[in-house]
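Please look through the structure below before reading on.

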Amino acid sequence: MKDAAAASIYGSRAANGVIMVTTKRGHAGKTAFNLSTEAGTNSIAYKNNNNRAMTTREYQSVLQLALINAGYASDTTDANSIITDPVNGFGLKPNTNTNWYDLVTQKGSQQQYNLSMSGGSEKTQIYISGGYFKQVGTTLSTYFERYNGDIAITHHATDRLTISMTLNGAATKQSTPTNGGTFANPVLESYFLLPWYTPRNPDGSFKFNDPDGEFPANGGIFNPLIQAAWNTNTAKQQQFRGNVMGEYKILNDATNVLKFTSRFAGEFINVLEDQYRNPFYGDGFPLGDAFASYRRVTDFTWSNFADLKHIINNDLYFNLKAGYEAYYLKNYFLQAGGQQFPSNLQLNYLASAAQPTTAYSLPTEQSTNSLFSVADINYKNRYILSGSYRRDGSSVFGKNHRWGNFYSVGASWNINQEEFIQNIPSISLLKLRASYGENGNSNGFGLYSSLATYAYGANYTGLPGAFPSNVGNDNLTWEKNGILDIALDFGFFNQRLTGTIEYYHRKTSDLILSIPLSLTSGFSGQNQNVGAMVNKGIEVTLGGRPIDTKDFKWDISGNFSHNKNRITELYAGRPITTGFFRYTVGHDAQEFYLRQWAGVDPSNGDPLWYADSSKKSTTNVYSKAPLMLGGQADPKFFGSVTNTFTYKGFQLTAMFYYNFGNKIYDIWDRYLNSDGLYYGAFNQESAQLKSWKKPGDITNVPKIIYGGNKSSYNHSSRYLYSGNYIRLRNVEFSYSIPKSLLKRAGITSLVLYVRGTNLWTFDQDKNLPFDPEAGANAQNNFDVFIPKTITGGIKLGF
């Protein structure tokens, strides 16, 4: 839910929209059981052979060219003598070619089992379910395992009192390697390791601390097979969520229905992470080290409210809801570390560490109190007016402005109820709705940002010391969202064609940003309410059934979203640079801020950047190229299209997802397309084979020179790629066994299916070296590969 009228009841917790999750509940009648199971395989969803890691032969050819261009060799024979020299050269072995990508990836697997029971009497209904899921990933040392269970009970104690309870829990365990630029990251290793290195000795043992110097014990990029076999990096999580609700009908007559509801919902989460790094090789060498962290999250929401429905006459009635809500969150965090482990891979917990290195714990708390009311009036189910008011107070804000007042107004017109429309048989639904409202946001800037605080850790001669850590701000208050939403819902030809066209305009004001302070104050910045931005756009949802016969049906649905983001206000109008983005008035909040790549000079192979914002002049001096805004991380439009074909008991469903209009930045590409700078240290991508070689060459890869070519490798829009893609997100083919064949066996339903996920990806940029589904910040950080999954399963009801 995005519109203000629908989301306003949730207050500040709806600042970024509301996702409604409906849990399954029991029903009166015969107890029904449902069993489902599936199993399958995982592989890598995306791989671009146009920009892959080089082979040994390819690497030798670019090294030859780089050495000759740098003046270290006169010809290829001279260059090869340097390249293959194991003492004073690169030690390249022409007949050895290791595909590290294949070694750090694997064929994964997936399986899951679910069983549920539902039933009950008119007074009491119950639903119970349990499940198990296990997935082995496509990257070394990646897996995920989950056990989960749910129970929901509804009991009608009297004609007036209904009590319900839901509880669900899950226990998970997963192993995930590090990401980013760590040398223990297997995804990084698959690109960076030189192809003439080998992971094992001739006798099959792991290679490290070897005489060739490929995997020295105390440095370099690590042997991924050892990291996977000897180190651990696991996380275990237990989570329980539940609620208890009582509803009592105070009045229930022909004109009034008044009920009171009290609902208590809580959540408890435990997360335990363990990391062990062996003492023989890698980051743990020579002592071995381990690290453990424990996080406990407890929160609850207690809501008490009254609902009144009053029928004025046959055409007119109104609903009124008013109540009070309290929210509390406590987060406890504990860390410990140690080093100097026994020379035994089985003793890998902190209890075996001889020397503690880290000890840290910290609790944090947050609370919100709220008063709320919602009302709507309905005339003939044709005209509906609604409004809400909510007053939220949060502990995270300054003492002068903890409370925020938020509201919404809305209206809808069921046009299809009008007589002049009811006479048009082709129109089955036509509804116009609009709403405007304000809500607040209290997340994303710390729980104690408003307070002037001291921090400990400035210890002196073994005694504890404290220092001022935050300047505080007694006037810090809510970020506010003003949301306008206008929509038209329609249905034609007895709902054979349905859809919604929606326009929204969301203005966020009083954004909390850190403004710079004079360092003579002892602080570098202070959080203040100083910014504003606008998000506006359209969303279109369409659905239809072009073919509907006795045996064959074709259903199609799709959605289209377009969002335009603009920053409209910043402190003193000054831009703020954060990472590779720059917040600038009049621009998207996630617009890349880089030197703009102008390509390669065809006359001499020099790298070029634009010298000014007009992009009419260029320079081959990196420092003379100004940083400029260009290319946004947010897609300009995205959506999906789903087709479902049904023939008797057979059904085929295919869903395509699309994303267009954004850029993706490869922050590590400068090492893998270094034009000679990192030659001999790291492997390179195959794009380097397309380098400039002679005057007149038109290419995007400069002349490769051992030692680098005029800072061509530095951060710039050279490493920005188009994020446009279409992905076949989900395909499922199923067959439902006819019920007439199942009845004698006491089976109510039996479905056999085959499902595929991320089966096919079309990317517009053929040089994109990584998966285009890159996340919110649109940057590659050597994360584990997104899987392509194919599974088969059975759904059984009895």
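In what order do the three strands of the open sheet stand? In this predicted model, the order is β23-β24-β25, and the pairing is antiparallel. The edges are taken by β23 (597-600) and β25 (618-619); each has a single partner strand, so one side of each is left without a neighbour in the sheet. Between β24, residues 607-610, and β25 there are two bridges in the antiparallel sense.

Another set of pairings involves β27. Strand β27, residues 637-647, pairs with β19, residues 552-569, in the antiparallel sense over eleven bridges. Ser 561 has Phe 638 in β27 as its bridge partner. Strand β27 also pairs with β28, residues 650-660, again antiparallel and over eleven bridges. Here Asn 643 lies opposite Ala 654 of β28. The hairpin of β27 and β28 has two residues between the strands, and Lys 648 in this hairpin takes a positive phi near 50°.

The last stop is the surface. A nonpolar patch of about 710 Å² is made by Tyr 389, Tyr 407, Val 409, Leu 432, Tyr 436, Leu 484, Ile 486, Tyr 503 and Ile 538. Two or more residues of the patch come from each of β12 (403-414), β13 (427-441) and β16 (479-492). Tyr 436 is placed in strand β13. Its relative accessibility is 30%, and Tyr 436 therefore counts as partly exposed, since that class lies between buried, under 20%, and exposed, over 50%.

Terms used
Residues are numbered from 1 along each chain as its sequence is written. This is a predicted model: local features need pLDDT of at least 70, side-chain atom pairs count only at pLDDT 80 or more; totals for chains, interfaces and linings use all residues. Side-chain values use heavy atoms; hydrogens and water are left out. Patches are made of residues with over 30% relative accessible area and no salt bridge: like charges are joined within 9 Å, nonpolar side chains (Val, Leu, Ile, Met, Phe, Trp, Tyr) within 5 Å. Accessible areas come from the Shrake-Rupley method with a 1.4 Å probe; for residues, only the protein chains shown count as cover. A salt bridge is a side-chain nitrogen of Lys or Arg within 4 Å of a carboxyl oxygen of Asp or Glu. Helices (H or I, at least four residues) and strands (E, at least two) are DSSP runs, numbered from the N terminus. Buried means under 20% relative accessible area, exposed over 50%, partly exposed in between (1.4 Å probe, protein chains only). Two strands pair if DSSP finds at least two bridges between them.
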